[in-house]
Amino acid sequence: MKVEHAAIAAALAEINGLQFRARLGALTGSCPTCGASRLRVALRRIFAEGDGDACAACADEQEQRAAVLLRFWGLLESPRDELKAILQSPQLRASTQRLIGVVSKWGLHYPLIMPTTVKWEVTNSCNLGCQHCLVSAGRKLDQELSAEEALGLVDTCVSLGVHNLGILGGEPLLREDVFAVMEYAISKKLSVTLTTNALAMNDAAASRIAAMRLHDIAVSVDGIGEVHDSFRGVKGAFDRTVQGIHNLVKHGAPFAIFTVVSRHNLHQLGEIVDLAVALGAAKFAINDLQPSGRGQALRDLCLSQEEFERLGQIMEEKRAQHRDRPTRLVWAGVGRKRATPDIERGPLLMSKCGAGLTELTVGADGTIRACPFLPPTTENLRRRSLEEIWFDSAELDLYRDRTELKSRCGVCQLKYACSGCRARAEAFLGDPLGPDIRCQLDYAFAAGEGIPRPTGIEASAGFSR
């Protein structure tokens with residue numbers, strides 16, 4: 001992928017040279033003779049600390065390895081003091097070792113490609129008929145991943161260094177082996193998050209889930225009473241969801257409430273926040289409706305820019321009202337905070353949007369998407385390994401190559417660090433390379449370029465940035 005900033009492109013060219021990557025690879029792993037960490041030996045040489053655990057072979061090579069590490073760190077424009085902190089922290093050393101391993105094998109991409117989060121739609125089966133479902137869930141697919149394949153996916157995540165495994169659906173609790181898979185993932189030290197409608201969260205399920213100590217349990221609530229029921233397609237769904245939450249509370253399982261906001265429920269947003277606080281949610285978070293999946297038929301329910309701004313006002317009001325309560329209200333808006341321009345960040349850059357970079361979604365049948373909101377690719381776990389797909393997929397490059405972005409995103413000084421939401425551009429404008437219609441970042445546009453005005457479908461959709 002191309003990089004527009006000359007200094008960063010030059011640093012990447014040196015790092016990604018085959019000879020440099022081979023020398024960098026020599027820093028990974030441990031010495032086969034004495035077992036000493038090669039990275040730690042190099043770090044101790046840099047800071048003139050002896051290493052009594054290192055053998056003669058390590059001592060002979062430490063000068064060269066220290067030089068390679070210092071050069072790598074210099075090319076990243078990272079402070080030398082960080083290396084001292086890495087020497088002193090086993091956790092930071094492990095993270096640095098992982099970065100070096102990825103770069104030595106696959107090169108350093110800009111923004112960074114680094115497997116961190118996998119979201120797995122464990123089944124297409126669902127006990128609701130949500131109007132906005134991203135995967136048109138309902139009936140189980142014929143070729144969903146088997147129990148053996150599911151455990152294999154967990155093992156692959158571990159081998160790639162993935163930290164977070166999100167369990168999605170359909171409705172995950174309708175998959176018979178989902179508890180066993182989650183328990184296996186936790187035994188492998190993965191941080192597991194469950195997203196559920198909670199209709200099947202009976203007392204036994206809540207007890208078992210509480211015992212797992214999941215990282216997060218996200219429960220979907222899209223209105224109060226009939227407003228929720230009509231959007232979710234089943235009468236009585238709201239009461240059953242609230243009962244499922246009560247079962248989680250009974251067993252001491254922390255949970256979050258997530259709401260998709262549209263014209264259908266914007267008038268109830270304040271009440272939904274109050275409900276989340278009253279139920280004891282650890283977190284309340286929102287997304288505005290995007291016309292993806294079944295939601296393509298709901299374009300008329302998507303918020304206008306004025307309504308989107310009203311959403312933000314409601315959230316700020318509720319944050320002030322509930323500031324002394326433990327429930328954390330999560331909504332940062334889009335493009336409201338100033339940030340450092342790409343050119344000042346150096347070649348090691350992690351994008352705010354992780355789609356296809358730090359995050360992938362695995363469908364119930366093994367199909368890969370860059371994120372849950374984007375269309376499926378033709379990539380599938382049954383045809384190529386997850387590692388190969390992650391680092392070497394032309395279809396994923398569509399979302400990773402920032403030089404192809406258009407309109408405001410294309411001239412923005414933060415397009416590598418941010419890129420806008422590709423799923424939002426795809427859903428609203430029909431173009432995954434188009435601008436993020438919700439962005440507010442007037443200051444971030446390239447000097448002298450001005451702010452491109454909305455044109456074509458973007459303007460006709462009523463977005464006035």
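Predicted model: local features only at pLDDT ≥ 70, side-chain atom pairs only at ≥ 80, totals over all residues.
1. **Helix H2.** H2 spans residues 18-25. Its buried residues are Phe20, Arg21, Leu24 and Gly25. They lie on the same side of H2, because they cover an arc of only 140 degrees around the axis. The face turned away from that buried side carries the exposed residues Leu18, Gln19 and Ala22. The buried residues of H2 pack against three helices: H1 (6-15), H4 (56-75) and H6 (90-106).

2. **Helix H3.** In H3 (residues 38-46), the buried residues are Leu39, Val41, Ala42, Leu43, Arg44 and Ile46. These pack against H4, H5 (80-88) and H6. H4 and H6 are also partners of the buried residues of H2. After H3 comes Ala48, with a positive phi near 55 degrees.

3. **H7 against H8.** H7 (residues 147-160) and H8 (residues 178-187) have their axes 10 Å apart. The packing angle is about 20 degrees. Angles under 35 degrees count as roughly parallel, and H7 and H8 are therefore roughly parallel to each other. H7 passes H8 in a right-handed crossing. On the H7 side, the contact is made by Ala150, Leu151, Val154 and Asp155. H8 supplies Val181, Tyr184 and Ala185. By class, the contact residues of H7 with H8 are six nonpolar, no polar and one charged.

4. **H12 against H13.** H12 (residues 269-279) packs on H13 (residues 305-321) at an angle of about 35 degrees, and the axes are 10 Å apart. The crossing of H12 and H13 is right-handed. H12 brings Leu269, Gly270, Val273 and Asp274 to the contact. H13 brings Leu311, Ile314, Met315, Lys318 and Gln321. The contact of H12 with H13 divides into five nonpolar, two polar and two charged residues.

5. **Thr361.** This residue sits in strand E8 (residues 359-362). Thr361 counts as buried because its relative accessibility is 0%. Beyond its neighbours within four places in sequence, Thr361 is in contact with Lys119, Glu121, Thr367, Ile368, Arg369, Ala370, Cys371 and Pro372. Pro347 is 14 residues from Thr361 in sequence, and their C-alpha atoms are 26 Å apart.

6. **Ser220.** Ser220 belongs to strand E4 (residues 216-220). With 14% relative accessibility, Ser220 counts as buried, the limit being under 20%. Leaving out residues up to four places away in sequence, Ser220 touches Thr196, His228, Arg232, Thr241 and Phe258.

7. **Cis peptide bonds.** Check two sites. The bond from Tyr110 to Pro111 is cis, with omega near 5 degrees. Pro111 is placed in the loop between H6 and strand E1 (117-121). Gly169 and Gly170 are also joined by a cis peptide bond, with omega about 10 degrees. Gly170 lies in the loop between strand E2 (164-168) and H8.

8. **Positive phi in loops.** Glu77 is a residue other than glycine with a positive phi, near 60 degrees. Glu77 is in the loop between H4 and H5. Its relative accessible area is 52%, so Glu77 is exposed. Ser136, likewise not a glycine, has a positive phi near 50 degrees. The loop between E1 and H7 holds Ser136. Ser136 is partly exposed, with a relative accessible area of 40%.

Note on methods. Residues numbered from 1 in each chain as written. Heavy atoms only, no water. Buried < 20%, exposed > 50% of the residue type's maximum accessible area, 1.4 Å probe, protein only. Helix = DSSP H or I, 4+ residues; strand = E, 2+ residues; numbered from the N terminus. Arc of directions from axis to C-beta. Contact = heavy atoms within 4.5 Å. Axes fitted to C-alpha atoms, helices over the stretch in contact; angles between N-to-C directions. Parallel < 35°, antiparallel > 145°, perpendicular 65-115°, else oblique. Left-handed = near helix turned anticlockwise from the far one by under 90°. Nonpolar A, V, L, I, M, F, W, Y, C, P; charged D, E, K, R; others polar.
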